[in-house]
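Hi,

Here is the structure I promised to pass on to you. Please have a look at it first, and then read on for my notes on what turned up.

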Amino acid sequence: MALLKFIFEPLIAYAHQSSGSFNAAATNAAVEVLTAQGCTVEVSDLCAMSFKATATAEDIKGDLKNAENFCYLDESKLAWEQGKLSDDITKEQAKLAEADLSLFQFPMYWFSVPGILKGWLDRVLTNGFAFSQEKPYSLETFKVRVQ
């Protein structure tokens with residue numbers, strides 16, 4: 001009987017500034033093992049990319065719906081629907097949409113993720129793309145399964 005081999009296209013969001021760190025070694029090992037299994041691995045090296053961590057009105061191209069009372073949740077959803085999110089966000093959303101598996105490699109900073117990864121989560125997992133507020137207490141709320 002032939003063994004079926006499943007090919008995944010994982011995305012690794014890597015958040016550490018040093019290429020000599022344990023986190024870099026863990027990321028490199030994951031890439032090596034997954035590639036050896038036939039996977040096509042995409043790595044978003046957030047520090048190397050200088051990924052902007054702050055979620056601001058600059059993330060939306062063009063006019064805002066309500067500039068005087070800016071609400072990132074609402075404005076980013078509308079911008080996602082209209083294709084007006086900044087290029088760095090849409091590139092990461094495309095990577096995430098293509099990925100079969102998402103891995104996050106980071107050091108613990110003050111019992112949490114580094115600010116650059118928190119910013120990636122805030123900016124990339126936008127309302128509409130990653131989750132919906134239609135059913136706030138349902139498992140259907142999240143469109144992207146983060147593993």
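**Overall picture**

Contacts between residues 24 or more positions apart make up 69% of the contacts in the chain with a separation of 6 or more. Please keep in mind that this is a predicted model. The chain has four helices and three strands, and along the sequence they follow the pattern β-α-β-α-α-β-α. Of its 147 residues, 34% count as buried.

In general, an α-helix has 3.6 residues a turn, so residues three or four places apart point the same way.

Two packed helices are described by the angle between their axes and the distance between the axes. Here the axes of α3 (residues 87-98) and α4 (residues 115-124) come within 10 Å and cross at roughly 85°. Angles from 65 to 115 degrees count as roughly perpendicular, and α3 and α4 are therefore roughly perpendicular to each other. On the α3 side the contact involves Asp88, Ile89, Glu92, Gln93 and Leu96, which meet Trp120, Arg123 and Val124 in α4. The residues of this contact divide into four nonpolar, one polar and three charged.

Ala94 is also found in helix α3. With a relative accessible area of 42%, Ala94 is partly exposed. Ala94 and Val124 are 30 residues apart in sequence, and their C-alpha atoms are 9.7 Å apart in space.

Is Thr126 buried or exposed? At 2% relative accessibility, Thr126 counts as buried. Leaving aside neighbours within four places in sequence, Thr126 is in contact with Ser76, Trp80, Leu85, Gln93 and Phe131. Gln93 is also one of the α3 residues that meet α4.

**Contacts across the sequence**

Glu9 lies in the segment before β1 and is partly exposed, with a relative accessible area of 37%. Glu9 and Thr40 are 31 residues apart in sequence, yet 5.0 Å apart in space from C-alpha to C-alpha. Which residues does Glu9 contact, leaving aside its neighbours within four places in sequence? They are Thr40, Glu98, Ala99, Asp100 and Leu101.

Gln105 has its place in strand β3. Gln105 and Ala15 are 90 residues apart in sequence and 6.3 Å apart in space, C-alpha to C-alpha. Ala15 is among the contacts of Gln105, again leaving aside neighbours within four places in sequence; the others are Ile12, Ala13, Tyr14, Asn23, Ala26 and Thr27.

**Backbone angles in the loops**

Most residues other than glycine have a negative phi. Ser50 has a positive phi, near 50°, and its place is in the loop between β2 (42-45) and α2 (72-82). Ser50 is exposed, with a relative accessible area of 60%. Phe111 has a positive phi as well, near 65°, and lies in the loop between β3 (101-105) and α4. At a relative accessible area of 79%, Phe111 is exposed.

**Cysteines**

A disulfide is a covalent bond between the sulfur atoms of two cysteines. How many disulfides does a search of the whole structure find? It finds zero. As for individual cysteines, Cys47 counts as partly exposed at 24% relative accessibility, and Cys71 is partly exposed with a relative accessible area of 32%.

Best wishes

Note on methods:
Residues numbered from 1 in each chain as written. Predicted model: local features only at pLDDT ≥ 70, side-chain atom pairs only at ≥ 80, totals over all residues. Heavy atoms only, no water. Axes fitted to C-alpha atoms, helices over the stretch in contact; angles between N-to-C directions. Helix = DSSP H or I, 4+ residues; strand = E, 2+ residues; numbered from the N terminus. Parallel < 35°, antiparallel > 145°, perpendicular 65-115°, else oblique. Contact = heavy atoms within 4.5 Å. Nonpolar A, V, L, I, M, F, W, Y, C, P; charged D, E, K, R; others polar. Disulfide = S-S within 2.5 Å. Buried < 20%, exposed > 50% of the residue type's maximum accessible area, 1.4 Å probe, protein only.
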